[in-house]
Amino acid sequence: MAFEELKRKQSAMWGSAPFERVADRLLGDIHDDLVSRLVPLEGAVLADVACGTGGIAERAAARGARVTGCDFAPALIETARGRAAERGLDIEYDVADAEALPYEDGSFDVVTSAVGHMFAPDQPRAAAELARICKPGGRLGLVCWAQEGGVADMFRMLAEFQPPPPEGVGSPLAWGARDYQQQLLGDAFELEFEEGNSPDEQESSEEMWTLMTTSFGPMKTLYASLEGERRDQFRSRVLEFFESHRDGDTIRQPREYLLTIGTRR
Ligand SMILES: C[S@@+](CC[C@H](N)C(=O)[O-])C[C@H]1O[C@@H](n2cnc3c(N)ncnc32)[C@H](O)[C@@H]1O
């Protein structure tokens, strides 16, 4: 199924904010976790799909991999290129859709995606692309938000303020189930799963609100789309959500994820 118009909007949405602030602040431990499962990477040809501003690509390149990162948001790719230059890392970055990757079959030793490919609307197609570009015997490394937990609750809370997705669009959280991943990827890969948690700790819910509405494209775009009372309701609802995770002086929001390691058959 083609979702070209939807993906154009999504690309603008993800690129509308400096995502690197969210990635550096909230995803570093997940990037470390995934990359550490894939070592040694010296000399490996690695693709990071839906790479955002380059958290996985930078870590893999620092460990000696020959890295290509791709994402459909041009603004994020531009940031990723600037970061690689600043860090003296040789990383190839492309603007590309996870559902139609511009790479030859079997051209990578390692294929990764950290909470990235899971947002592509045509999930069977995104899964098929991960498999297609991975060479036989190559490895797959994925991180997906869990179906239940802190991030899932946050997505459900945001959905109360969003229009329903077009028919046929896969829920990103579906990727958080082992069975579903087996269904989409099990023919192509031998899969192993592990659960992880990356709790977010903040001093205040206001701090979290500011970070998310200035630097997380989906939330920035959603807030900007609301007017009047609905806008105020959204702000109160989000602050209430963060506050519900208060533990003494700290907001501690659990963020459970499913980590997948695969070997291409
Ligand atoms: C939560 S961010 C994660 C970014 C990065 N993987 C990281 O861990 O920092 C999700 C990313 O997926 C990208 N994305 C979503 N749908 C995509 C698609 N169909 N094709 C390519 N990139 C996509 C977004 O642009 C965004 O950069």
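Helices, in this report, are DSSP runs of H or I with at least four residues, numbered from the N terminus. The model described here is predicted.

**Helix α4**

Helix α4 covers residues 74–87 and is followed by glycine 88, whose phi is positive, near 65°. The 14 residues of α4 should span 20 Å at 1.5 Å a residue, and this agrees with its end C-alpha atoms, which are 20 Å apart. Five names make up the buried set of the helix: Leu76, Ile77, Thr79, Ala80 and Ala84. Seen down the axis of α4, these buried residues fall within an arc of 160°, so they line one face of the helix. An α-helix has 3.6 residues a turn, so residues three or four places apart point the same way. On the other side of α4, Pro74, Ala85 and Glu86 are exposed.

The buried residues of α4 pack against helices α1, α2 and α3 and against strands β2 and β3.

| Strand packed against by buried residues of α4 | Residues |
|---|---|
| β2 | 66–71 |
| β3 | 91–95 |

**The shell around the ligand**

The ligand is surrounded by 22 residues, and the closest are Trp14, Ala50, Gly52, Phe72 and Ala98. Helix α1 gives the most, with three residues.

**Aspartate 200**

Aspartate 200 lies in strand β7, which runs over residues 200–202. With 19 other C-beta atoms within 10 Å, aspartate 200 is partly exposed, because a residue counts as buried only at 20 or more such atoms. Leaving aside neighbours within four places in sequence, aspartate 200 is in contact with Leu26, Gln253 and Arg255. Glycine 150 is 50 residues from aspartate 200 in sequence, and the two are 9.5 Å apart in space, C-alpha to C-alpha.

**The chain as a whole**

The chain has ten helices and ten strands. Its radius of gyration is 18 Å, close to the 18 Å that the globule rule gives for 265 residues, so the chain is as compact as a globular protein of that length. Along its principal axes, the C-alpha trace spans about 55 × 40 × 30 Å. Buried residues make up 42% of the 265 residues. Of the contacts in the chain with a separation of 6 or more, 77% are between residues 24 or more positions apart.

Conventions
Residues numbered from 1 in each chain as written. Predicted model: local features only at pLDDT ≥ 70, side-chain atom pairs only at ≥ 80, totals over all residues. Near = placed C-beta within 6 Å. Helix = DSSP H or I, 4+ residues; strand = E, 2+ residues; numbered from the N terminus. Expected span 1.5 Å × (residues − 1). Buried ≥ 20, exposed ≤ 12 C-beta atoms within 10 Å, placed from the backbone. Arc of directions from axis to C-beta. Contact = placed C-beta atoms within 7 Å. Rg over C-alpha atoms; globule rule 2.2 N^0.38 Å.
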